[in-house]
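These are my notebook entries on a single structure.

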Amino acid sequence: CPGFAGVTKSSEFSHAVPDILTSQGTVRSDRSRYNHQSTIHIEVRDKDVKGLGTLQIVADASEGDSELLNLVERPSGSGIFEGTVPTQPGGTTVTPGPIGDGVLQVRHGSEVAITYFDDDHGSGVPMSVEKVVAIDSEPPVVTGLDITSVGGTFAVLNLTTDEPVRA
């Protein structure tokens with residue numbers, strides 16, 4: 001093929017592919033909602049800390065529990081840091097769970113703020129970057145039922161619930 005002389009399976013294409021990392025650090029989680037006894041998977045991306053190896057961030061539950069998390073750069077030198085924090089039932093705004101025990105104490109209706117302090121958010125200015133996830137440990141309540149179609153071996157039902165659901 002013209003224009004592809006010398007291209008092999010091991011050819012470097014980094015010059016042709018835009019960098020997926022920027023100096024504006026981002027915080028992501030694998031979901032936006034978790035139950036009160038699960039594991040929150042966290043990813044931080046920041047071009048400015050490539051090669052650091054580990055990165056510390058904070059996870060704060062709305063009840064007052066707080067955990068300092070050490071994320072690991074995977075793959076090494078990529079600027080992509082991953083880690084997890086387990087959750088378990090417990091804690092109130094009056095009596096938060098034990099801070100710094102490696103487990104976030106949460107309850108239904110809690111919010112968890114995952115915060116990364118980005119030393120340079122793209123313009124030389126530091127900024128806290130945050131991702132908030134919800135704790136939802138109660139199943140949806142069906143508030144309405146509509147049967148729209150019935151056949152010999154099937155029925156189509158439309159359910160109304162008190163919160164969004166996926167089927």
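Entry 1: I began with Glu-43, which counts as buried because its relative accessibility is 16%, where buried means under 20% relative accessible area, exposed over 50% and partly exposed in between (1.4 Å probe, protein chains only). The model is a predicted one: local features need pLDDT of at least 70, side-chain atom pairs count only at pLDDT 80 or more, and totals for chains, interfaces and linings use all residues. Residues are numbered from 1 along each chain as its sequence is written, and side-chain values use heavy atoms, with hydrogens and water left out.

I then looked up the charge partner of Glu-43 and found a salt bridge with Arg-28, the closest N and O atoms being 3.5 Å apart. Glu-43 lies in strand β3 (residues 39–45) and Arg-28 in strand β1 (residues 26–29), so this pair ties together parts that are 15 residues apart in sequence. I took a salt bridge as a side-chain nitrogen of Lys or Arg within 4 Å of a carboxyl oxygen of Asp or Glu, and strands as DSSP runs (E, at least two residues), numbered from the N terminus. Arg-28 counts as partly exposed, at 42% relative accessibility.

**Entry 2: the other salt bridges.** How many salt bridges does the structure hold? I noted five. One of them joins Glu-82 to Arg-74, with the closest N and O atoms 3.9 Å apart. Glu-82 is partly exposed at 31% relative accessible area, and Arg-74 is partly exposed at 44%. Salt bridges with shared partners join Arg-28, Glu-43 and Arg-45 into one network.

I also recorded a salt bridge between Arg-33 and Asp-136, whose closest N and O atoms are 3.5 Å apart. This pair links distant parts of the chain, 103 residues apart: Arg-33 is in strand β2 (residues 33–34) and Asp-136 in the loop between β9 (127–135) and β10. Arg-33 is partly exposed at 45% relative accessibility, whereas Asp-136 is buried at 13%.

**Entry 3: the largest pocket.** Which residues line the largest pocket? I listed Arg-31, Ser-32, Arg-33, Tyr-34, Asn-35, Asp-136, Glu-138, Pro-140, Glu-163, Pro-164, Val-165 and Arg-166. A pocket here is an open set of points on a 1 Å grid over the protein atoms alone, where a 1.4 Å probe fits, with protein on both sides within 12 Å along at least five of seven lines; lining residues have an atom within 4 Å of a point. I noted a volume of about 300 Å³, that is, the space filled by probe spheres set on the points. By class, the lining has four nonpolar, two polar and six charged residues.

**Entry 4: the nonpolar patch.** I found a nonpolar surface patch of about 610 Å², made by Val-142, Leu-145, Ile-147, Val-150, Leu-157 and Leu-159. The elements giving two or more residues to the patch are β10 (142–150) and β11 (155–161). β10 gives the most, with four residues. Patch residues have over 30% relative accessible area and no salt bridge, and nonpolar side chains are joined within 5 Å.

**Entry 5: Leu-104.** Is Leu-104 buried or exposed? I recorded Leu-104 as buried, with a relative accessible area of 0%. Leu-104 lies in strand β7 (residues 104–106). Gln-88 and Leu-104 are 6.4 Å apart by C-alpha and 16 residues apart in sequence. Gln-88 is in strand β6 (residues 80–89) and is partly exposed at 33% relative accessible area.

Conventions
Ala, Val, Leu, Ile, Met, Phe, Trp, Tyr, Cys and Pro count as nonpolar, Asp, Glu, Lys and Arg as charged, and the others, Gly among them, as polar. Patches are made of residues with over 30% relative accessible area and no salt bridge: like charges are joined within 9 Å, nonpolar side chains (Val, Leu, Ile, Met, Phe, Trp, Tyr) within 5 Å. Accessible areas come from the Shrake-Rupley method with a 1.4 Å probe; for residues, only the protein chains shown count as cover.
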